[in-house]
Amino acid sequence: MTHTFKGGVHPNYMKAPQVPISVVTPPPEVVIPMVQHIGAPCKPLVAKGDYVKMGQKIGENPAPVSAPVHASVSGKVVAVEPRPHPLGDMIMSVVIENDYQDTPCEDLAPLTEEELKSPEAILTRMREAGVVGMGGAMFPTAFKVRSGIGKVDKLVINGAECEPYLNGDHLTMLNYPEKLLKGIELVRIAGGVKKAFYGIEVNKQDAIDLLNSFHPEQYGIEIVPEAVKYPQGGEKMQVKAVTGREVKPGGLPAGVGCTVVSTRTCYAIYQACYEGKPVIERIVTVGGSAVDGPHNALTRVGTPLGYLAEQCGGFVKTPRKIVLGGPMMGICATSFEAPTIKGTAGVLYFTEEEDRMVENPQCIRCGKCITVCPMNLEPVFMYMYYNKGDYENMEKYHVMDCFECGSCAFNCPARMPLTHAFKTAKLMFQDKAAREKAAAEAKAAKEAQK
Amino acid sequence: MSEKKERIILDVAYQPQVRTTQDTKRLMLDVMIALLPAIIVGVLQFGLYPLVLLLTGVCSAVFWEWGYRRLFKKDASIGDLSAALTGLLLGLTMPPTAPWWLPVIGTFFGIVVVKQLYGGIGKNFLNPALAGRAFLFSSYATIMATWSIPNALSGTVDGTTMATPLAGMYGDGLPAYFTAKSMFMGYLPGCIGEISAFALLLGGAYLIWRKVISWRIPVSFIGTVGLLTLIFGKSGYSNGQWMLYNLFSGSLMLGAIFMATDYATSPVTLNGQLVYGAGCGLLTVLIRYFGGFPEGTTYAILIMNLCTWALDKAFHRHQFGVSKADIAFKKAEKLAAKEAAKYE
């Protein structure tokens, strides 16, 4: 019996877990953005001309929702300036000239036996090592787990990896099964939860069997096989599939007593606690028809996208799009200079081959968007009201509950830009709320002056 | 090298970056493929002339669509095959001996008046093929009710024309040469494409397998007709027999599988589709039992087409994470607010 949710789509998975992990030579110059998480941006701790060691903390912010960043190579800081960020815009970054010595920084020592049993020590280490949600959301994990203490009774580990192309989680399971289970145990201890449920899609049956052979129950973990369907790895879908609980609209998994942590994050936590290693590298799946691939490349944080493609054999065709993450939820990079960051699970160099857009698309009202929406929404009407600029009805059709999984737009035979519209609509709503709040504050300030 | 790369202009788009291979054109083509068995049965029973009608239907529908879009300087849209499908479907609802120009008039009404005047694909509120047929039915009543004898019955029945089984069933009795099995296979007079329930069900299975349509509308439509005719039988027939005769005669299968499932004119909400199908079934039975025409599928579907928008509104579903208790709570809250407003 596999567990799952209602709705969803079956994209062409294009997975290649048989490709072994290849190590990408670090670039001569790494660019480490100060924003690699959701929350307060870090402030650089180093200046131009400083020498930094590999794993040294180079940026942090004391705000609770934040995560420090670390140098991924050793060498000299050549610039501290805004650089192109993979998510767009120019963001303050530390540029390090690689001396290819990889001189390690000893600031973070492996935790002692005792500390490995203490939630506080583990949470502090998670924060210090800059662990964020490495599935792509990049929410600071320490804050997430800490805020769930007392409220959460079930820890859900996300091993669905439902995005096409990506293999990082699967390969982590296959190559480091024991370390992974120990990492999950650490999250479980830190969150004060008795049991962790590890949801894995059955297209990774070999990984399920391997993990089961290491007796996950001794770590307080149960492996839950799941149906292969996108977006199985969505937070709410994962909670529904594993525990049967439904997160309320606008709510968080913590609202129904669950915390969701991704596979790669658990492995990063293992490395932080057992090995004293901060988040400075990860497996990045490099694919798409513009490169000769795919590659499962162990890549340092801060590797520019152009350099990464060169290291993976260069372009065989002219790329038209660079997609960061999976193709369903991934966003497009705007520059070859932008670096990979902690949340980059994949870099896909797409050409016209993958692009199936049409000009002037016409909705045929087939309703295929409705059958696949995992949130039970009605994209066809949401889109209609979006085109009319009808905010009231957009809200009535719950556009704010859309989590932009892209299933509707993927499945649309007419190629309507559905997800694009909803993302824009959500931004408009946020903007409207912010403007209203600012206006109310200004009014209150004026009245106070009187 | 890096200088050269920067000159590449990158596209930026919101997710998803990949799309399904199924597109509008492929969907329309699949429906045409699903109609092939019905066309083959039509040719086997009525000879090659029906192909002329189908051809004029398709060509004229494409011509009207092309001409209208060109005349009013709109984007060409015949490439999506939707107009061709409308022409084919209209052709299939013609009597096998209709004059060749009949579909041309029907497609003009269907494509120009019903579809294009409302904005083209996806925006019409009546099924263009059925609306065209209804137009012809009221304009050329005699031609549209002249049924030639199918080849399977050519030795059994004398003359050149004969009555349809429905006329017999609701008139002075069904002739003995119609059995449930022969009707299922299509050995009966009728429109080119409607005669064989077997061929149409085959096409329906293909459409469901290809995920072109869902099971909801055909099953609730045919199911409702089956259930009602099973309950309200007719003296002289066993209830089961009466139900089978009703299911296999007239244009029920063609309507339920190919006409009622037309995307633009059927509800998109899942429960709405079930109610829509049931409504079509109910109206079909009512028209057959009490109406002036022997066959009611066309008008039943057209009437339900008009209810589509209301059904979609009525069956707006609750989003993920909203339990039945939440809905009940919200209702109670609303009611309480109403009550409170009364006393203010």
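Me: How are residues and chains labelled here, and which pLDDT cut-offs apply?
Reply: Residues are numbered from 1 along each chain as its sequence is written, while chains are lettered from A and ligands numbered from 1 in the order in which they are written. This is a predicted model in which local features need pLDDT of at least 70 and side-chain atom pairs count only at pLDDT 80 or more, whereas totals for chains, interfaces and linings use all residues.

Me: How is chain A divided?
Reply: Chain A has domain 1 (115-275) and domain 2 (368-449), with bounds from an automatic or database domain assignment. Taken over C-alpha atoms, the centres of domain 1 and domain 2 of chain A are separated by 30 Å. Domain 1 of chain A gives 6 residues to the contact and domain 2 of chain A gives 7 residues; two residues are in contact if their C-beta atoms, placed from the backbone, lie within 7 Å.

Me: Which way do the residues of E9(A) point?
Reply: Lys154(A), Val156(A) and Asn158(A) point one way, and Leu155(A), Ile157(A) and Gly159(A) point the other way.

Me: Which strands does E9(A) pair with?
Reply: E9(A) runs parallel to strand E10 (residues 195-201) of chain A, joined by 6 bridges, and Ile157(A) stands opposite Tyr198(A). E9(A) also pairs in the parallel sense with strand E12 (residues 258-262) of chain A over 5 bridges, where Lys154(A) stands opposite Cys258(A). Two strands pair if DSSP finds at least two bridges between them.

Me: And helix H2 of chain A, what does it pack against?
Reply: H2(A), residues 141-148, has 6 of its 8 residues buried, Phe143(A) and Val145(A) among them. The buried residues of H2(A) pack against helix H1 (119-128), helix H4 (177-191), E12 and helix H7 (263-275) of chain A.

Me: What follows H2(A)?
Reply: Gly150(A) follows H2(A), and its phi is positive, near 90 degrees.

Me: How many helices and strands does chain B have?
Reply: Chain B has 15 helices and 0 strands. Of the 344 residues in chain B, 48% are buried.

Methods: Helices (H or I, at least four residues) and strands (E, at least two) are DSSP runs, numbered from the N terminus. A residue is buried if 20 or more other C-beta atoms lie within 10 Å of its own, exposed if 12 or fewer, and partly exposed in between; C-beta atoms are placed from the backbone.
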